[in-house]
Amino acid sequence: KNWADSLPDRPDWQYVLAWDFGASKSKPTDAYAVGAYSFTTPEAYIVRSQSFVNIPLQGIADTTKALQDEFGVFVEIGGDQGGHGQKFLDEMQSRYLIPMVGVRKADKLGHRRLMRGDLERGTIKVVEPGNRTLLSEMGSLSWNDAGTDCEKNAADHLTDATLYAWRAMKHYLATEPEPVPQRGTAEHANWLMEQKNLAEDERSEAEERTPWYETSPY
């Protein structure tokens with residue numbers, strides 16, 4: 001119930017990107033996860049994830065920009081600000097002009113359990129072709145004896161990036177769109193007229209907000 005072979009084709013996807021920066025000095029590992037959500041469907045999708053060993057800051061910036069080219073403007077680009085991560089955020093903003101912000105890290109244990117609830121309900125879908133390593137990592141992790149975190153030194157960078165991406169998504173605000181009446185009925189004709197009137201109202205409001213100097217020939 002959490003598996004998908006592709007992201008469904010719809011025009012209103014909102015994309016987020018989250019990075020987890022590894023703190024290990026012997027084998028520093030960084031990872032990202034791309035999430036997609038919509039305000040008209042309750043499911044959140046993990047579209048792509050990847051981990052890197054010893055990737056330089058330039059590589060993180062280049063990867064982020066390549067993902068921007070592929071997915072368009074991200075609603076949010078987050079980075080793990082723990083350890084040396086804050087320096088990464090500062091460099092991303094000042095040197096590479098990437099609007100990376102700190103991820104949501106408060107109450108990590110509580111939000112892991114909330115995310116697990118989404119997984120159990122099937123409202124998180126993982127697109128399998130772009131997340132095979134993530135799926136393998138998810139299947140290998142286990143709790144420590146205290147039940148407060150995963151086992152020490154376990155590979156959890158992809159799952160942490162996924163958690164940060166999930167926390168940035170707003171799929172829980174989704175509402176089902178109103179059904180369109182059947183074509184050829186009086187209800188459908190009335191619905192078309194309502195859509196036309198709404199479009200005209202929005203156009204008029206946009207024109208009223210446009211400064212006079214943008215439309216004046218002088």
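Asp160 counts as buried, at 6% relative accessibility. Buried here means under 20% relative accessible area, exposed over 50%, and partly exposed in between, with a 1.4 Å probe and protein chains only. The model is predicted: local features need pLDDT of at least 70, side-chain atom pairs count only at pLDDT 80 or more, and totals for chains, interfaces and linings use all residues. Residues are numbered from 1 along each chain as its sequence is written, and side-chain values use heavy atoms, with hydrogens and water left out.

Asp160 forms a salt bridge with Arg112, with an N to O distance of 3.7 Å. Arg112 lies in helix H3 and Asp160 in helix H5, so this pair ties together parts 48 residues apart in sequence. A salt bridge is defined as a side-chain nitrogen of Lys or Arg within 4 Å of a carboxyl oxygen of Asp or Glu. Helices (H or I, at least four residues) and strands (E, at least two) are DSSP runs, numbered from the N terminus. Arg112 is itself buried, at 18% relative accessibility.

Arg112 also meets Asp149 in a salt bridge, at 2.7 Å from N to O. Asp149 sits in the loop between H4 and H5, and Arg112 in H3 (residues 108-121), so the contact ties together parts 37 residues apart in sequence. Asp149 is partly exposed, with a relative accessible area of 32%. Lys108, Arg112, Asp149 and Asp160 are linked in a network of salt bridges. The whole structure contains 11 salt bridges.

Another of these joins Arg121 to Asp118, with the closest N and O atoms 2.8 Å apart. Both residues lie in H3, 3 residues apart, about one turn of the helix. Their exposure contrasts: Arg121 is exposed, at 58% relative accessibility, whereas Asp118 is buried, at 9%.

Leu141 lies in the loop between helix H4 (132-140) and H5. Its relative accessibility of 25% makes Leu141 partly exposed. Beyond residues up to four places away in sequence, Leu141 touches Cys150, Ala154, Ala155, Asp156 and Thr159. Contact means heavy atoms within 4.5 Å. The C-alpha atoms of Leu141 and Glu151 are 7.4 Å apart, although the two residues are separated by 10 residues along the chain.

The strands form an open sheet of 7, in the order S1-S7-S4-S3-S2-S5-S6, with mixed pairing. Two strands pair if DSSP finds at least two bridges between them. The edges are S1 (3-4) and S6 (100-102), each pairing on one side only. S3 (residues 29-38) and S4 (residues 41-53) pair in the antiparallel sense over 9 bridges. These two strands form a hairpin with 2 residues between them. Within this pairing, Asp30 has Phe52 of S4 as its bridge partner. S4 also pairs with S7 (residues 124-127), here in the parallel sense over 3 bridges. Ala44 stands opposite Ile124 in S7.

Helix H1 (residues 57-71) lies across S2 (14-21), S3, S4, S5 (76-79) and S6. H1 runs at about 165° to S2. Axes are lines fitted to C-alpha atoms, for helices over the stretch in contact, and angles run from 0 to 180 degrees between N-to-C directions.

On the surface, Phe39, Tyr172 and Leu173 form a nonpolar patch with about 330 Å² of accessible area together. Patch residues have over 30% relative accessible area and no salt bridge; like charges are joined within 9 Å, and nonpolar side chains (Val, Leu, Ile, Met, Phe, Trp, Tyr) within 5 Å. Leu173 is found in the loop between H5 (157-168) and H6 (186-209). Leu173 is partly exposed, at 49% relative accessible area.

Terms used. Areas by Shrake-Rupley, 256 points an atom, 1.4 Å probe, with all protein chains shown as cover.
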